[in-house]
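I kept them in the order in which I checked them.

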Amino acid sequence: MILLFGIPSETPLAMVAAALDERGEKYVLINQRDVHGNRIRVSSDGDRLGGELYTGELRLYLNEVDGVYLRPMDDRRLPELAGEREQSALRRRTIAFHELLVQWTEAAEITVINRYSRMGSNFSKPYQAQLITRAGLATPDTLVSNDPAAVLAFREQHGELIFKSISGERSIVKKLGADDLGRLGRIRHCPVQFQAWVPGQDIRVHTIGGKCFATAINSAGVDYRYAALRDGAAAELTATTLPDEIAQRCLALSDALGLEFAGIDLRRDPDGRYVCFEVNPSPAFSYYESHTGQPIAAAVAARLAGMGPARSSARRPASAGAAHDPGDTVAA
Amino acid sequence: MRDWLLVASAQDTSALWAFERLAARGRPCQVLLTEALQSSDVRWIHRVSTDAVGVTVTLADGRRIDSADIAAVLNRTILAPFTAMAQGQWPDSAYARSEQSAFALSWLEGLAPVVVNSPAARGLAGAWRSATEWFGLARRAGLPCAALTVDSREPDTLVRMPMRPNDGLVVGRQTFGVPDRPGLRAAAVELARAADTPLLGLWFSREGPPRLEMATPHPDLSVGGEFAVEALDELLAA
């Protein structure tokens, strides 16, 4: 049995559900918005973990679950909780359901895409950058500081800089311009993250089940996610192929972070060097799949169904094709 | 010889005591109180690149701590040191708290080659876990666990933290206060390893055979007395 948790109309979740249908897999979609019907009870006699999950009219035994895809939105912002007091019984039970489901996925020995404990590195970009370099990928030179003089010295060293949030709070990446220098003194109150500007082509890599799906993005914008909005021209996305060594390092990075499924943001600079900016542990892959036709949802469904190696295993990627399948080149 | 650094709140009496004892053993110890980091006069420079990580913090009184001079950190940070901006008006305060928490995770990780416990996204001095999660890890480590029933319809059942100091303590590969039953001490060490928290506090049931009731990455270090200080000395020197 496979569990999907989130809002059924949300595109990535709907695409994984459709891919499971196509495979003929048995699954249950737990609608996060069913705040009145959802309930989970976890129990242990000290030796074995068990329990039940109730959703709608269904009752499921947790020890019959083999795989879980977690794709919820922030439960505090559910429309069904609008107007509920901070400590209302419904709000507390909804939060408890979310928390206990997550706790159970941490403890259960099943495939989880992805465990929350493994998503945490994305909470701090410079922290994650330290983990990225340990996996063998380059990262941009970064300064986090509340000292304007240090920022000016960093700018002197690197020329163009960008700045963005340190945390997982969504922010639009911006270049540090002359106007920004005039208000640099404000950083005294809260350190800000600055990075050397790396020119080149953006590449999003999705790793799942030992495969890499690489998408090249052509955009005139500093932050391609907002290209249409800010620069008037939408980004163009095409499937591409990574050098074996880089694909291998992407798989190793996902492994090192403990992620079954990851969205890795790379940029290939004009010298052909690959730089890694960030790893998204809950990637909205539908944007990339809809533009390229890469079968990412199908790969997620296959992994949930127990196919493929757990994370990347020790296999190496194939050398050609937009989707690497290391299963073809397993070393003895 | 590079220094050892304790990062802790002034309220963390057991960590301050342990570090005093390490200093008495001749270790080059410095203390960085998290309260001293809350001033906007503190200057931070944290560099991350493919080849190196560095942290320099200059306190309001001019004292400077540079990661290049630190060999090991005893990390007891529970909350990121928030400045006034993080305590002001919403939503700027919420953004500042998120940014300063994320920043603390990174500079703590980069402060020295050895950081005990290393910071995690779910806890700056090591991940905080629910009883369900601790029991999952403990069972795999071979540690017997108490019975457990948690129900989302009864949210209070999710909270389980004993109101007494931890009974047992793991410091690296050594245990203190863990009941002397076959395999129990080795299982406790394995749990600490699996949780990536070489400093780990444990509570055991007091009736019947000892079973794990709860664990914490922020234990009372005085439980192990001078022997625990000796184990901490070995851990930080590793």
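Predicted model: local features only at pLDDT ≥ 70, side-chain atom pairs only at ≥ 80, totals over all residues.

I began with the loop between strand E7 (111–113) and helix H3 (116–119) of chain A, which is where Asn114(A) has its place.

I then turned to chain B, where Asn117(B) sits in the loop between strand E7 (114–116) and helix H3 (131–141). Here the bond from Val116(B) to Asn117(B) is cis, with omega near -15°.

My next entry concerns the loop of chain B that runs between helix H4 (184–194) and strand E11 (199–204), where I found Asp196(B). Asp196(B) is not a glycine, and yet it has a positive phi of about 55°. Is Asp196(B) buried, exposed or partly exposed? I looked up its surroundings and found 13 C-beta neighbours inside 10 Å, so Asp196(B) counts as partly exposed.

Last, I looked at how helix H2 (residues 89–107) of chain A packs with H3(B), and I found an angle of about 5° and axes 8 Å apart. That angle makes H2(A) roughly parallel to H3(B). From H2(A), the residues Gln103(A), Trp104(A), Glu106(A) and Ala107(A) take part in the contact, and on the H3(B) side they meet Thr132(B), Glu133(B), Phe135(B) and Gly136(B). When I sorted the residues of this contact between H2(A) and H3(B) by class, I had three nonpolar, three polar and two charged ones.

Key:
Residues numbered from 1 in each chain as written. Chains lettered and ligands numbered in written order. Helix = DSSP H or I, 4+ residues; strand = E, 2+ residues; numbered from the N terminus. Buried ≥ 20, exposed ≤ 12 C-beta atoms within 10 Å, placed from the backbone. Axes fitted to C-alpha atoms, helices over the stretch in contact; angles between N-to-C directions. Parallel < 35°, antiparallel > 145°, perpendicular 65-115°, else oblique. Contact = placed C-beta atoms within 7 Å. Nonpolar A, V, L, I, M, F, W, Y, C, P; charged D, E, K, R; others polar.
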